Amino acid sequence: MSHQARLLALRRRIAALEAGGKAGVLPFGDPRVDACLPGGGLPLGSWHEAGGEGMELETAAVAAAFVAALAAPLAERGAVVWVMRRQDLYAPGLAGLGFPAERLIQVCARDEAEALGALEDALGAEGVVAAIGEVESPGLLAGRRLQLACERHGAAGFIIRRRLFGGRTDDGASSAATRWTIAAAPSAPEAGEPGLGAPRWRVELERCRGGRPGAWIMEKSDDASSLRVVAELGDRHLDPAPSRRLAG
């Protein structure tokens, strides 16, 4: 593990521990991202919304992986509740994203109202540092209730936008502290190594209360609980171009 990766992981752990039941921030450790967020990191004691587009709104697999990697440092100091709409969360797979599955409590909700109620209860419970919920489209009233629950003990809430078959379309109205759109990005194997590289995401911060939007390519770093920025979106120099010999 590089010195930079160890330093980033340490910063994230310290920020999570310092929150200690009080609102704080969870920094990404990269000024390109942290400068867009109020206080220099993802606000704790608030809830955040992430989702994909197209078919990804039904599976929510890419957004779920990103949220799991993002919430991993918080799980080191308490329980994380995941409210599902389908029983398709593969907990062992979370380990590869740095998420300690032994800290995970899974709840399966029958409908939207039950999912929101379970998420609100989890956020307001002692010992829960974060709660993740798969929800179609939280309204403004539900969002306010979630925010009050987050503030009770400083827990972080994460909504994964998931539209089940036949569900309604998200109207874009949200009271979340941050709203993200997540898509898969091609991985890049290390030089000389066959196969796939670390998971990568195309990350767009659409809205941020008290901050500003931004877009990046991120990947899970060699530290199990860190994310790192590969490039800002629009930067075509993600990796060195392979040398080519022109035919005469």
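The following legends describe close-up views of a predicted model. Residues are numbered from 1 along each chain as its sequence is written, and side-chain values use heavy atoms, with hydrogens and water left out. In this predicted model, local features need pLDDT of at least 70 and side-chain atom pairs count only at pLDDT 80 or more, whereas totals for chains, interfaces and linings use all residues.

**View 1. Overall content of the chain.** The chain holds seven helices and 11 strands, taken as DSSP runs numbered from the N terminus (helices: H or I, at least four residues; strands: E, at least two). Of its 248 residues, 51% are buried; buried denotes under 20% relative accessible area, exposed over 50% and partly exposed in between, with a 1.4 Å probe and protein chains only. Among contacts (heavy atoms within 4.5 Å) between residues at least 6 apart in sequence, 67% join residues at least 24 apart.

**View 2. The open sheet of nine strands.** The strand order is β5-β4-β6-β7-β3-β8-β9-β10-β11, and the pairing is mixed; two strands pair if DSSP finds at least two bridges between them. Strands β5 (104-108) and β11 (227-232) are at the edges with a single partner strand each, so one side of each is left without a neighbour in the sheet. On average, neighbouring strands of this sheet are turned by 25° against each other, direction ignored. Axes are lines fitted to C-alpha atoms, for helices over the stretch in contact, and angles run from 0 to 180 degrees between N-to-C directions.

**View 3. Strands β4 and β6 with the packed helices.** Five bridges join β4 (residues 79-84) to β6 (residues 128-135) in the parallel sense. Val81 has Ala131 of β6 as its bridge partner. Helix α4 packs on the sheet, where it touches β3, β4, β6, β7, β8 (178-185), β9 (200-208), β10 (214-220) and β11, and its direction makes about 170° with that of β7. Helix α7 (residues 140-153) also packs on the sheet, touching β3 and β7, with its direction at about 125° to that of β3.

**View 4. Surroundings of Gly78.** Gly78 lies in the loop between α4 and β4. Its relative accessibility is 11%, and Gly78 therefore counts as buried. Leaving aside neighbours within four places in sequence, Gly78 is in contact with Arg103, Gly127 and Val129. The C-alpha atoms of Gly78 and Glu126 are separated by 9.5 Å, although these residues are 48 apart along the chain.

**View 5. The largest cavity.** A cavity is a set of points, on a 1 Å grid over the protein atoms alone, where a 1.4 Å probe fits but cannot get out; lining residues have an atom within 4 Å of a point. Two cavities of 30 Å³ or more are counted. The largest contains about 40 Å³ of space, a volume being the space filled by probe spheres set on the points, which are joined across faces, edges and corners. His48, Glu49, Ala50, Phe66, Val67, Leu70, Phe158, Ile159 and Trp180 line the largest cavity. Elements giving two or more residues to this lining are β3 (47-51), α4 (61-75) and β7 (156-161).

**View 6. The second largest pocket.** A pocket is an open set with protein on both sides within 12 Å along at least five of seven lines. The second largest pocket has a volume of about 200 Å³. It is lined by 15 residues, of which Ala60, Ala61, Ala64, Asp88 and Leu89 are the closest to its centre. Helices α4 and α5 (91-95) are the elements that give two or more residues to the lining.
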